[in-house]
Amino acid sequence: MMSELKSIEMAKVPYPEVDTGQTISYTDTEGERSYVRKIDFIVLPTLCLVGHLACETQLMEIFANFEACVIVQMYFFDCMDRSNLANAKTDGLDEDLHLKGNDYSLLILLFYIPFGLFDLPWNLFIKRFSGRIMLSILSIVWGVLALCQCAAKDFGSLLTIRIILGVFEAGFFAGATFYLTLFYTRGEMGFRLAIMQSFAVLASAFSGLISFGAFQINHPAVKGWQWLFIIEGSMTLITGAVAIFLLPDGVQKAWFLTNREKAAATARLLRDTSLEVNTQFDLKACFQSWNDWKFPVWCLITFTYPVAYATAMNFFPLIVQRLGYSVIKTNLWTVAPNLVGAVVLLCVAKSSDYFRERTLHIVFSLAVSLVGIIILIAIDVQKNKGVAYFACFLMAAGSYIPSSLVHAWHNNNNVHENSRVANTGFFVGLGNFAGVLSAGTFRTQYAPK
């Protein structure tokens, strides 16, 4: 909580790796400004690689750290690989692999089991071996697995690949969330996680655009859905390989910071986020907060809020397909709601950081998505296509927000690095199990409603 933070406003910290005895105030504003300016200068060309944000200097303030840019690129491709199964289904994947009954729902449901179980172990490895190494390795491996999906010949082979894919994709969001707490203050985390989450939303939109292009390829031996897996898997693999050279292990090992900037960055974390930084991995300390009365409350929150998110991420193309349009139009029509969802996500998260308030912002976003879902349930979609499509915008506008604010919230209230890494891994894993509830809801016998 806020009261747990140590009052060290005017303490002194020596420049790292400098033996001059010179000290710097914990309120070294110029050092922090220099830190941000230098990061912005390095972030710009990396943002150009992303290609989904305008390369203007003002937008650099969206990212207060270099590693955030690389992280969001990796998470962008992570979510693209996770959501492309729905796009592939609209191009006949189920027919080519002879899927029957609830096979498609099982592909999603069983993916979420390892996806939920392995968050905590991977997060512990990230604390032990560093985010740079583990996040990059995870990205490389799931890029290879995403590529392998194009070679699937039946339900069994695709299911096997998806389960292994779930193991390696499991640790990324939780690991990236903890990793960013090593660089950001509490008043910055909500918006920064929203930036990362917005790339998940953009991934869904961009996957629709890539699907549109991939499905136009006429090749006698390779189907459109296979091209989709090849293109998106290759992009993930390349990003992971590049990231291992770009991401720093932490503030003190960031190759692009001066000694003064490192000291200023450390000071701002001690002032606002952590009791101590760069702590050694301690397995016992990781679980020190699990006997707190608030822990089961957090478990309930983190298990229930992602149901709407998982539904939007996994089934959005199929929901839009109910409107009765062609494969091409279906994939294109998923773009606009996701783009609106990304904008609303950033606005609400910025408001949450500004007012330093989480609860009302989370409740508001879930209420918006609930209204959209209720509309889709209540109306005849075929006779009210405009209203149904508007409901898709509401669902997208509210579903993606809580995943940023909830995890910013519990990390804001935890000043111990080891405890944060275990809690984040466990809570994100619980949230991933919500995908099981989502997949269990969309069953063949319930079609088309």
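Is W333 buried, partly exposed or exposed? In this predicted model, W333 is partly exposed, since its relative accessible area is 30% (buried means under 20%, exposed over 50% and partly exposed in between, with a 1.4 Å probe and protein chains only). Residues are numbered from 1 along each chain as its sequence is written. Local features need pLDDT of at least 70 and side-chain atom pairs count only at pLDDT 80 or more, while totals for chains, interfaces and linings use all residues; side-chain values use heavy atoms, with hydrogens and water left out.

The structure holds 20 aromatic pairs (rings of Phe, Tyr and Trp, the last by its six-membered ring, with centres within 6.5 Å; planes under 30 degrees apart are stacked, over 60 edge-to-face and the rest tilted). In the pair of W298 and F427, the ring centres lie 6.3 Å apart and the planes meet at 35 degrees, so the pair is tilted. W298 belongs to helix 13 (residues 294-304) and F427 to helix 20 (residues 417-441), so that distant parts of the chain, 129 residues apart, are linked (helices are DSSP runs of H or I with at least four residues, numbered from the N terminus). W298 is buried at a relative accessible area of 13%, and F427 is buried at 1%. A second tilted pair is formed by W333 and Y389, with 4.7 Å centre to centre and 50 degrees between the planes. This pair also links distant parts of the chain, with W333 in helix 15 (residues 327-333) and Y389 in helix 18 (residues 385-399), 56 residues apart. Y389 counts as buried at 15% relative accessibility. Leaving aside residues up to four places away in sequence, L93 touches L85, A88, L99, L158, W225 and F229 (contact means heavy atoms within 4.5 Å).

Notes
Helix = DSSP H or I, 4+ residues; strand = E, 2+ residues; numbered from the N terminus.
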